[in-house]
Number of protein chains: 4
Amino acid sequence: MDDRDLFERITRAVQPALAQGRVARYIPALAAVDPHRFGLAIADTDSRTPRGTGDWQVPFSIQSLSKVFTLALVLAADGEALWSRVGKEPSGAAFNSLAQLEREQGIPRNPFVNAGALVVTDRLLTLTGDARGTLRDFLRAESGNPRIDFDAEVAWSESRHGHRNAALAHLLADHGRLDNPVPDVLDHYFWQCSLAMNCRDLALAAGFLARHGVRADSTRLLTRSEAKRVNAVMLIGGTYDAAGEFAHRVGLPAKSGVGGGIIAVIPGRCTLCTWGPALDDHGNSIAGITALDTLTTVTGWSIF
Amino acid sequence: MDDRDLFERITRAVQPALAQGRVARYIPALAAVDPHRFGLAIADTDSRTPRGTGDWQVPFSIQSLSKVFTLALVLAADGEALWSRVGKEPSGAAFNSLAQLEREQGIPRNPFVNAGALVVTDRLLTLTGDARGTLRDFLRAESGNPRIDFDAEVAWSESRHGHRNAALAHLLADHGRLDNPVPDVLDHYFWQCSLAMNCRDLALAAGFLARHGVRADSTRLLTRSEAKRVNAVMLIGGTYDAAGEFAHRVGLPAKSGVGGGIIAVIPGRCTLCTWGPALDDHGNSIAGITALDTLTTVTGWSIF
Amino acid sequence: MDDRDLFERITRAVQPALAQGRVARYIPALAAVDPHRFGLAIADTDSRTPRGTGDWQVPFSIQSLSKVFTLALVLAADGEALWSRVGKEPSGAAFNSLAQLEREQGIPRNPFVNAGALVVTDRLLTLTGDARGTLRDFLRAESGNPRIDFDAEVAWSESRHGHRNAALAHLLADHGRLDNPVPDVLDHYFWQCSLAMNCRDLALAAGFLARHGVRADSTRLLTRSEAKRVNAVMLIGGTYDAAGEFAHRVGLPAKSGVGGGIIAVIPGRCTLCTWGPALDDHGNSIAGITALDTLTTVTGWSIF
Amino acid sequence: MDDRDLFERITRAVQPALAQGRVARYIPALAAVDPHRFGLAIADTDSRTPRGTGDWQVPFSIQSLSKVFTLALVLAADGEALWSRVGKEPSGAAFNSLAQLEREQGIPRNPFVNAGALVVTDRLLTLTGDARGTLRDFLRAESGNPRIDFDAEVAWSESRHGHRNAALAHLLADHGRLDNPVPDVLDHYFWQCSLAMNCRDLALAAGFLARHGVRADSTRLLTRSEAKRVNAVMLIGGTYDAAGEFAHRVGLPAKSGVGGGIIAVIPGRCTLCTWGPALDDHGNSIAGITALDTLTTVTGWSIF
């Protein structure tokens, strides 16, 4: 099947989904997005030129998609030692659960629940002195787009409505799990989530996960084994408390964000990024799941 | 039995207890207290002159004992409306549990778990503009001791080690349960806990609970029914997660603090205050429980 | 106030309550009861002749009221040793919670949650060889009514719908907390709950709790201290997960049952039994709470 | 690398692991197994002849490995409708958690936690009238070994020590989730777990998962999509509460049992079965994980 046919089938499948769900409303900046937007980009491992359809070049708020990249950056520096700070098990609870973090004595279940991402950001801050800046520069480099930047309004809005993340950060601090002051960690976390990017740039930026750890410039970010492990933890915990449902329908390692983006990886073949702002009850893009479901059904691509 | 005999028996019973347990260590200012201290005061409803023994005139950090008084002050202003902000059920969990607060959608189980006390302090702050000052003035008035004051070192120390209380406060704020900014609420809370008082003054200050709501100057703070209800909630939740054990052994409404103090009430008869800094695993003074157990056994005083 | 005035005031207060709530529906035998029934009996410590009003001589299913009596019977035999098998803390969770029992490693929080009552029945079975028979004979003796008996239909119905109690019993057995086979323990438990009694007989039967442990025939069942402790655990855990609310409104040690009965104790003065089949969300009789609330308000009787 | 080299490397890697961990002790029949046993079998999709090493032809108790096969048999009959009875999310809690089942209103998180397997067995019993017999016949047919049979001693022993499973079954029944009587469901469940098989036969029997749903006789058991979904749920929940750790180290869909067996699938290529009785704290075979870790590292086989 050629690209045009594939994109057409996906676009058709996605139409009914666009009317469903609700755009994230917890901050005004996200609530204002048009729920009928849809974009899809595919970046093959053996090509510099991604393909895409729909609103694939319209920037949106990457939110939790940032967690894959900060994880990779810290893993590149710390290697296996990172896993003493954060687990790699599925959460079995809401992504922002305080009860779970309390039960686990301040060791977050995985790097994609909010508490885990705060621990990763804290570590990146210690390693680099500027977590958010390091992330932005990495994303610019991998996508080749120097205009990628923070959305100050989103960051400020998150910070004003970030009581739950503040609660998580203080609970981590209570357990001695943060090296930096709580306000600094929260700050870098809110800013990293506020980055605005489009599907094209995100598919490119995640390319190292399909290339077994190799960056766009052919240098190595992660060992083959580390890249495999990031994919494993994406499958286990990348789509909030619906990882099983996602693995069931799509069957690919993936990470979603409440801005409506989903990054998915087919190791050795390509990376995908979808965008559709309307979310299901778990916080995953309805259009994005439908698109990836259709794509894997049509192409037969799956890791299982 | 006359006072001398009673005090002697209690003092003898308490001796073995003084060597057990551990002084609260979470802040340096508390960890430095001599664990062999012991004091007991009794303030009869029909007398201005309290009786006491041991270190009953040595000031200590009142900590959670403050929660009884802030509760009474807010109840005096808000009446039954208060109970929509905070429950009156036993907690069945640790006094600083985030899991429980999350499960209860930000409505603390009772005013004596930390989250509940934060809600009460927040409300007192709204009502008076100065929660800690209002509390201090009330305690000075009831005890007739104008020298009662905050211990700045304790307050500062609590604030530096108060990540768990900060987590609770942010979780409350996330559920829209606080009217004032989180830092303000925490501030007043830490300062109110830092007040230094002795057994004598505390027994006097709590006198309104034995006098069915009537203050030292014979004005009414609480209705008879409200005073009964404060006693009920003390019995249900005044001694952390060991309310049942305490009711079992002592059988009196009481409130304990990690500074080693316990206030107990015999409605219509007297208020008691004990001090012994070494705590059991639940955070209650071992010497205090032993003293009150002995006293109720010897005198037959009990509400049951 | 004389009895007639008191009963009239209570009866008037109770009227609106009779239309509210729902009769227990989990077994057909209970669902068939007329929700408009109401009875109240008072048995003074210094009299053999109880007073009462309304349907105070109509038998109903005692259900969990049985738990007070089995507790007293085992406590009389085992003394303090009993408390290694079952706790005495408020539950802070539903009366039939498996999660809580799992968390507590098979030690029920108190003798009034279902798991705790199963442990008590198991022990009574070991001590006597016939738990249900021992209970029936005790209730006959204390009330002076030899016609008190089991309701086979209720017992059989409970047993058929008793999956949750069976789950609790098996979880206890898994933790090695039962001495007798699970089916035997369940059997005696279902039969003990099926006993049919009226307010008059129940107020008489509970008389030892107001007489500090002394039975109807002036022999001693419990020490003064043990009787005090049963009252304490009733206050802490006698009204399901609403012990705080009940202590708040009524302020007396009490035990409720889903058959609509409530036993309450005023130590040294009297025992009370109310009956009203319609229950609130916690499983407590709405009419019963209203009646006891009115009675304590009017008379000023309270332990606080 | 040829088989001999591969097997030698794995066998060497496994040696230190054989001395660690503990054999399952909850029933005598399992506790008696020699912890130094180790076997490995590989069944390629394009061959009838499996390869193996060590104790690969020594039978052991399959225990929870049975859950993959009962799931497949019910899925073949019910299709997607099955997922209204049981979830497909990671558990995030112990495999035999009652708390979780209670929280989820009797819908087990996935078919591999004990509660989920009971629901599947209940359904297989309804569909066939003989769940355990159907399973045995299927395993005989797929492996070509007609001597595969139950171990009555193990089944009897499980049943005698099966209080926790009985608790789970009664809790399911309380929520109306079982169609058959609790004792029948437990019976078939204990017998299915008691089947004794060796690595060779298990690798053959699981072959349909690597052949995208096609049985040994080339008929289709599951659609391609259904087979993919069984693999997905194995990855998410096949190795108790260590699915993330297992995905991290091995990176293959797998199911483990407390008898020490692990079945793993490389879709399109082969199925693997390892056996090593000593278990880690999560209940997974230490030797088995080490062997599969070594094998995937050496061969580069992984789904990520």
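This is a predicted model: local features need pLDDT of at least 70, side-chain atom pairs count only at pLDDT 80 or more; totals for chains, interfaces and linings use all residues.
This report walks through how the chains of this structure meet and then visits two residues of a recorded site.

## How the copies are arranged

Two copies of a chain are related by a rotation about an axis and a shift along it.

Chain A and chain C do not touch, and their nearest C-alpha atoms are 12 Å apart. Chain B and chain D do not touch either, with 12 Å between their nearest C-alpha atoms.

The size of an interface is often given as the accessible area lost when the parts come together.

| Interface | Buried area | Share on carbon and sulfur atoms |
|---|---|---|
| Chain D and chain A | about 2600 Å² | 58% |
| Chain A and chain B | about 1300 Å² | 56% |

### Chain D with chain A

Here 31 residues of chain D are in contact with 31 residues of chain A. Three residues, D:Lys228, D:His248 and D:Phe304, supply 31% of the area that chain D buries against chain A, more than any other three residues.

Charged and polar groups take part too. Four salt bridges are found across the interface of chain D and chain A, and 14 residue pairs are in polar contact there, both residues at pLDDT 80 or more. Helix H12 (224-237) and helix H13 (243-249) of chain D each supply at least two residues of the side that touches chain A. To see a salt bridge for yourself, look at A:Lys88 and D:Glu245, whose side chains meet at 3.0 Å, N to O.

### Chain A with chain B

In this interface, 15 residues of chain A are in contact with 15 residues of chain B. A:Glu102, A:His163 and A:Arg164 supply 42% of the area that chain A buries against chain B, more than any other three residues. The copies meet through the same surface, because 100% of the interface residues of chain A are also interface residues in chain B.

Across the interface of chain A and chain B there are four salt bridges. In one salt bridge, the side chain of A:Arg164 meets that of B:Asp174 at 3.1 Å, N to O. Polar contacts join eleven residue pairs across the interface of chain A and chain B, both residues at pLDDT 80 or more. The elements of chain A that give two or more residues to the side touching chain B are helix H4 (98-103) and helix H8 (163-174). The largest share of that side, eight residues, comes from H8(A).

## Two residues of a recorded site

An unreviewed UniProt entry lists several residues under "binding site", among them A:Ser64 and A:Tyr240. Where do these two sit in chain A?

A:Ser64 is found in the loop between strand S4 (60-61) and helix H3 (66-78). Its relative accessibility is 7%, so A:Ser64 counts as buried. Leaving aside residues up to four places away in sequence, A:Ser64 touches A:Tyr240, A:Lys255, A:Ser256 and A:Gly257.

A:Tyr240 is found in the loop between helix H12 (224-237) and helix H13 (243-249) of chain A. With 8% relative accessibility, A:Tyr240 counts as buried. Again leaving aside residues up to four places away in sequence, the residues that A:Tyr240 touches include A:Ser64, A:Phe95, A:Val258, A:His282 and A:Asn284.

What joins the side chains of A:Tyr240 and A:Ser64? A polar contact of 3.3 Å does.

Notes
Residues are numbered from 1 along each chain as its sequence is written. Chains are lettered from A and ligands numbered from 1 in the order in which they are written. Side-chain values use heavy atoms; hydrogens and water are left out. Contact means heavy atoms within 4.5 Å. UniProt positions are given in the numbering used here, feature names are shortened, and annotations may be inferred rather than shown by experiment. Helices (H or I, at least four residues) and strands (E, at least two) are DSSP runs, numbered from the N terminus. Buried means under 20% relative accessible area, exposed over 50%, partly exposed in between (1.4 Å probe, protein chains only). A polar contact is a pair of N or O atoms within 3.5 Å; within protein, one must be able to donate a hydrogen and the other to accept it, and residues adjacent in sequence count only if both atoms are side-chain atoms. Buried area is the accessible area (1.4 Å probe) that two parts lose on being put together, summed over both.
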